[in-house]
Amino acid sequence: MTHTFSADDHRWMARALQLAEHGLYTTDPNPRVGCVIVKDGELIGEGAHLKAGEPHAEVHALRMAGEQARGATAYVTLEPCSHHGKTPPCAEALVKAGVGRVVAAMQDPNPLVAGRGLARLQDVGIDTAHGLLESQARSLNPGFISRMERGRPYVRLKLASSLDGRTAMQSGESQWITGAAARSDVQRLRARSSAVLTGVDTVLMDNASLTVRAAQLGLPDAEAERAAERQPLRVVLDSQLRLPASTAMLSLPGSTLVATAQLDNQPSAIALSASGAQVLSLPGADGRVDLSALLSWLAQHAQCNELLIECGATLAGSVLSEGLVDELVLYMAPTLLGSSARPLFELPLDEMAQQYRLQLTDRRQLGDDLRLTLSCRQENN
C-alpha cells in the first residue's frame, strides 16, 4: 500500500531519526531507534533506545507524553516490536496508551516478524503507515538490517594510505600516516561496530589492541565514556595459530576471538583459551580460514551487526575479491611513501576488465587528511 505523507509527517520523522542517532555507539546488538509523539501539532513525547536491555524508544516517549498520548500520533524509525525479549513488546505499549496513529519509517527487517507489530496495531483500530524516510532509517542500522536479511554483518573495510596508495614502509613501519582527526574518526568507527577484525600479522607487527579509547573519540566526555563502555569483540584471523598466548590484547577489557584453520584442541589453541581467548576452527581452502563462514558465525553466535576490518594488504585483497566488503573507508594523507612501500591491496589483476569499480558515496576532509567512503556492492562482486 502506498501512503501519502504530509510536510509535518516528514518533520516529525526527521526528529525521530535525530533521536535514534543518540544510540549510535551504545544499542548494540539492538537497532538504533527514535520515537516522537505528537498531538494537535505539538510535541508531547520523545525518546530513543540507548542500550540493550533498557527501555525502547517508544517507552521513553510514552512516559514523557503520559495521558496526552491518547489519540496522538507516534512516529517511530522502526516498526514497533511485537515480541517479548528483554523488554515487553512496544506494540502493546502503544495499544495500552491509546494512540490513534503510528507511522514507522520502515518495517522490521527480520523476515520472521516483519509487519507483525503494525498488524497488531491495525487489529485494534490504530491507523498505521510505513515507508516515510525509509532510506534514512535504513542507513542508521545497516548492520542490524544485514544480520536480519542476509545472515551476516555489514562489513566495513578501513584503510589508511599515502597519496601514492601506500600503507606502510617496506619494513612494516606505519605510525603515523594520518593525523589526529582521522585517528579519532577511526575510533568512532570502532565504537559503533560490534566487532573489529584484523590479521595475526597486524597484531604481531603493531601490537594492535583494537580497543575503543574514550579520550581519542573526540566526543563530549560523558558521551565518550558511554561509547567506550562497550568494547567491540576483537577478532584475529590466525590460520596457523601463530598468536602467542602472552599477547597484550588478551589482557585488555573486552573479548577476543581467534579464528583459525587449525584444530581447536592443539596445544597453541589450548594456551590461547587459557589466556582468555575463544578459539574458533573454521578451515577453508588452501589452509586458510573460511571467511564467509566466519561472517555467518559472527552474525548467528555473536549477534554481530557491523564488522570493521582493519588489516594489511593480503587480507584486504582477500575480503574484497571474495565479495565480502560492503563499504570501504579510506583515509588518505597528503604524503608520499614511495614505490617500495606496501600497497593497499594484494590484488593480482592482469586486465582492465578485472578492475574493481567502486561507488564514491561520501568524501570529507579531516584535518589535513581526506576520508573517502565507497560502496563495494558492484556487478563483479
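This is a predicted model: local features need pLDDT of at least 70, side-chain atom pairs count only at pLDDT 80 or more; totals for chains, interfaces and linings use all residues.
Local features need pLDDT of at least 70, side-chain atom pairs count only at pLDDT 80 or more, and totals for chains, interfaces and linings use all residues. Residues are numbered from 1 along each chain as its sequence is written, and side-chain values use heavy atoms, with hydrogens and water left out.

**Domains**

The protein splits into domain 1 (7-140) and domain 2 (151-375). These bounds come from an automatic or database domain assignment. The C-alpha centres of the two domains lie 34 Å apart. Nine residues of domain 1 and 13 residues of domain 2 make the contact, meaning heavy atoms within 4.5 Å. About 900 Å² is buried between domain 1 and domain 2, and carbon and sulfur atoms give 46% of that area. Buried area is the accessible area (1.4 Å probe) that two parts lose on being put together, summed over both. On the domain 1 side, Tyr25, Asp28 and Pro29 lose the most area to domain 2, together 67% of what that side buries.

**Backbone features**

Asp28 and Pro29 are joined by a cis peptide bond. Leu210 has a positive phi in a residue other than glycine.

| Feature | Angle | Loop |
|---|---|---|
| Asp28 to Pro29 peptide bond | omega near 10° | Pro29: between α1 (7-20) and β1 (34-39) |
| Leu210 | phi near 60° | Leu210: between α8 (200-206) and α9 (221-229) |

**Helix pair α3 and α4**

The axes of α3 (residues 90-97) and α4 (residues 116-123) come within 9 Å and cross at roughly 20°. Axes are lines fitted to C-alpha atoms, for helices over the stretch in contact, and angles run from 0 to 180 degrees between N-to-C directions. α3 and α4 are therefore roughly parallel to each other (angles under 35 degrees). Ala91, Glu92, Leu94 and Val95 of α3 meet Gly117, Arg120 and Leu121 of α4. Four of the contact residues are nonpolar, one is polar and two are charged. Here Ala, Val, Leu, Ile, Met, Phe, Trp, Tyr, Cys and Pro count as nonpolar, Asp, Glu, Lys and Arg as charged, and the others, Gly among them, as polar.

Note on methods:
Helices (H or I, at least four residues) and strands (E, at least two) are DSSP runs, numbered from the N terminus. Angles under 35 degrees count as roughly parallel, over 145 as roughly antiparallel, 65 to 115 as roughly perpendicular and the rest as oblique.
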